Amino acid sequence: MEALAHRVARHRETIALTVEGHVAALLVSPRVLEDLEDTLAVADYRRRKAEGTLEPGVPHEEVRRLLGLSFDPSPSQSGSRNFRRLPTGSPE
């Protein structure tokens, strides 16, 4: 079983375990499962948006505040924006 687990992890391969010729379980790489979950979440978002049932989101500023992140709007030397963690209890 350990060899199968290594194979699944290394090659992103899914292996079906059968009982009497019927699939009883699947060994799936966590990365494959995460990709599937992401794909489903995006499909659900698009469906709800198309149906007009998408609820309002949380503004980026609020998320940054909740995560304790501050945003520096000036580009860094690499051209990307800079985020930094705020000290605990910071009002920013």
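1. Arg12 is partly exposed, at 37% relative accessible area (buried means under 20%, exposed over 50%, partly exposed in between, with a 1.4 Å probe and protein chains only). You'll find Arg12 in the loop between α1 (2-11) and β1 (15-19); helices (H or I, at least four residues) and strands (E, at least two) are DSSP runs, numbered from the N terminus.

2. A quick word on the source: this is a predicted model, where local features need pLDDT of at least 70, side-chain atom pairs count only at pLDDT 80 or more, and totals for chains, interfaces and linings use all residues. Residues are numbered from 1 along each chain as its sequence is written, and side-chain values use heavy atoms, leaving out hydrogens and water.

3. Now check the backbone at Arg12: phi is near 55 degrees, a positive value in a residue other than glycine. Most residues other than glycine have a negative phi. Glu20 also has a positive phi, near 50 degrees. Glu20 sits in the loop between β1 and β2 and counts as exposed, at 76% relative accessibility.

4. Next, hop from Arg12 to Leu33: they are 21 residues apart along the chain, and their C-alpha atoms are separated by 9.8 Å. Leu33 belongs to helix α2 and is partly exposed, at 44% relative accessibility.

5. Which residues form the nonpolar patch on the surface? They are Val23, Leu26, Val28, Leu33 and Leu36, with about 450 Å² of accessible area together (Shrake-Rupley method, 1.4 Å probe, only the protein chains shown counting as cover for residues).

6. β2 (22-27) and α2 (30-51) each supply at least two of the patch residues. Val23, in strand β2, is exposed, with a relative accessible area of 57%.

Notes: Patches are made of residues with over 30% relative accessible area and no salt bridge: like charges are joined within 9 Å, nonpolar side chains (Val, Leu, Ile, Met, Phe, Trp, Tyr) within 5 Å. A salt bridge is a side-chain nitrogen of Lys or Arg within 4 Å of a carboxyl oxygen of Asp or Glu.
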